[in-house]
Amino acid sequence: MSHFSTVKTELRQLEPLVQALEDLGFKPDQGEQPVRGYRGQTVTADLAVSMDHGGDLGFRWNAQTGAYELVTDLDLWKQTIPVERFLSKLTQRYALNTVLRASDSEGFQVAEQQVKQDGSIELVVTRWDA
């Protein structure tokens, strides 16, 4: 029998999380959403990604930790990469989107953005002061 697992994260802002999921090719639904698991069982999440084969991905706000947690049925995990690698890629995109948003609000513009051979992202931002 399968069950839902909750995985702690450091993802604290909704907008960069949504953007990170979209960057990875997912279409997240916001607001209270059902997350499907084994034999149609569901839990409610604040953000969900429906998967064709069941085993949806959900993110639920944890007020105690001040972060979103991944909620999914790990026994139904059908992604092409393990959950740890998925969270690593998601966290990287989340961090990039957070930095881009903060840079933009401070008046910086992206001068260069490169994905290195090791998968890291190099970002160069500039700002012209008048």
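R101 is partly exposed, with a relative accessible area of 44%; buried here means under 20% relative accessible area, exposed over 50%, and partly exposed in between, with a 1.4 Å probe and protein chains only. The model is a predicted one, in which local features need pLDDT of at least 70 and side-chain atom pairs count only at pLDDT 80 or more, while totals for chains, interfaces and linings use all residues. Residues are numbered from 1 along each chain as its sequence is written, and side-chain values use heavy atoms, with hydrogens and water left out.

What does R101 pair with? Its partner is E15, in a salt bridge of 4.0 Å from N to O, the term denoting a side-chain nitrogen of Lys or Arg within 4 Å of a carboxyl oxygen of Asp or Glu. R101 belongs to helix α2 (residues 83-105) and E15 to helix α1 (residues 14-23), so the pair ties together parts 86 residues apart in sequence. Helices are DSSP runs of H or I with at least four residues, strands runs of E with at least two, numbered from the N terminus. E15 is also partly exposed, at 46%.

I turn to a second pair. D56 forms a salt bridge with R36, their closest N and O atoms being 2.9 Å apart. D56 sits in the loop between β3 (42-49) and β4 (57-62), and R36 in strand β2 (residues 29-36), so that distant parts of the chain, 20 residues apart, are linked. D56 is buried at 1% relative accessibility, whereas R36 is partly exposed at 34%.

Finally, E10 and R12 meet in a salt bridge of 2.5 Å, N to O. E10 is exposed at 57%, and R12 partly exposed at 39%. By this rule, the count comes to 5 salt bridges.
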